[in-house]
Amino acid sequence: MLEGKALVDESDMPLKMQIQAMSFASQALDLYDVFDCTSIAAYIKKEFDRKYGSGWQCVVGSNFGCFFTHSKGTFIYFTLERLKFLIFKGASSSTSP
């Protein structure tokens with residue numbers, strides 16, 4: 001396990017959920033090769049969906065950019081090992097076209 005070696009860059013998640021996110025990331029790194037970012041992200045997304053309900057998104061890699069809208073209290077961006085982890089729950093749009 002790699003717990004305790006993660007560095008949170010930005011988050012609005014409750015602390016308990018942040019710790020869970022880093023734990024899921026650590027578990028995924030124990031299960032998959034560090035270069036298999038798709039499997040790592042899928043594992044984390046499935047665990048978040050199971051524990052906190054559906055709708056979670058996860059991006060894992062060493063060099064990526066993104067722009068998104070998330071539900072309040074569901075966002076974390078952290079580094080573990082050489083990988084960056086972005087986990088969030090998408091926000092539903094409240095405006096009509």
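Guide: This is a predicted model. Among contacts in the protein chain between residues at least 6 apart in sequence, 56% join residues at least 24 apart. Buried residues make up 37% of the 97 residues.

Visitor: What is the order of the elements in the protein chain, from the N terminus on?

Guide: The order is β-α-α-β-β-β, with two helices and four strands in the chain.

Visitor: Which residues make the contact between α1 and α2?

Guide: From α1 the contributors include Met17, Phe24, Ala28 and Leu31; from α2 they include Ile40, Ile44, Phe48 and Tyr52. By class, this contact has twelve nonpolar, two polar and three charged residues.

Visitor: What makes a set of residues a nonpolar core, and which residues have the most contacts inside the largest one?

Guide: The members must be buried, of nonpolar type, and joined through side-chain atoms within 4.5 Å. The largest such core here has 23 residues, and those with the most contacts inside it are Ile40, Ile44, Phe48, Val60, Phe78, Phe85 and Ile87. Two or more residues come from each of α1, α2, β2 (56–61), β3 (76–80) and β4 (83–89). The most are given by α1, with seven residues. In soluble globular proteins, nonpolar side chains tend to be buried together.

Visitor: Which residues is phenylalanine 78 in contact with, leaving aside its neighbours within four places in sequence?

Guide: Its partners include Ala6, Leu7, Val8 and Asp9, then Ala21, Met22 and Ala25, and also Phe85 and Ile87.

Visitor: Why is glutamate 81 called partly exposed?

Guide: Its relative accessible area is 46%. Buried means under 20% and exposed means over 50%; the value of 46% lies in between, and glutamate 81 is therefore partly exposed.

Visitor: Where is glutamate 81 found, and what is its phi?

Guide: Glutamate 81 is in the loop between β3 and β4. Its phi is positive, at about 60 degrees, although the residue is not a glycine. Most residues other than glycine have a negative phi.

Conventions:
Residues are numbered from 1 along each chain as its sequence is written. This is a predicted model: local features need pLDDT of at least 70, side-chain atom pairs count only at pLDDT 80 or more; totals for chains, interfaces and linings use all residues. Side-chain values use heavy atoms; hydrogens and water are left out. Contact means heavy atoms within 4.5 Å. Ala, Val, Leu, Ile, Met, Phe, Trp, Tyr, Cys and Pro count as nonpolar, Asp, Glu, Lys and Arg as charged, and the others, Gly among them, as polar. Buried means under 20% relative accessible area, exposed over 50%, partly exposed in between (1.4 Å probe, protein chains only).
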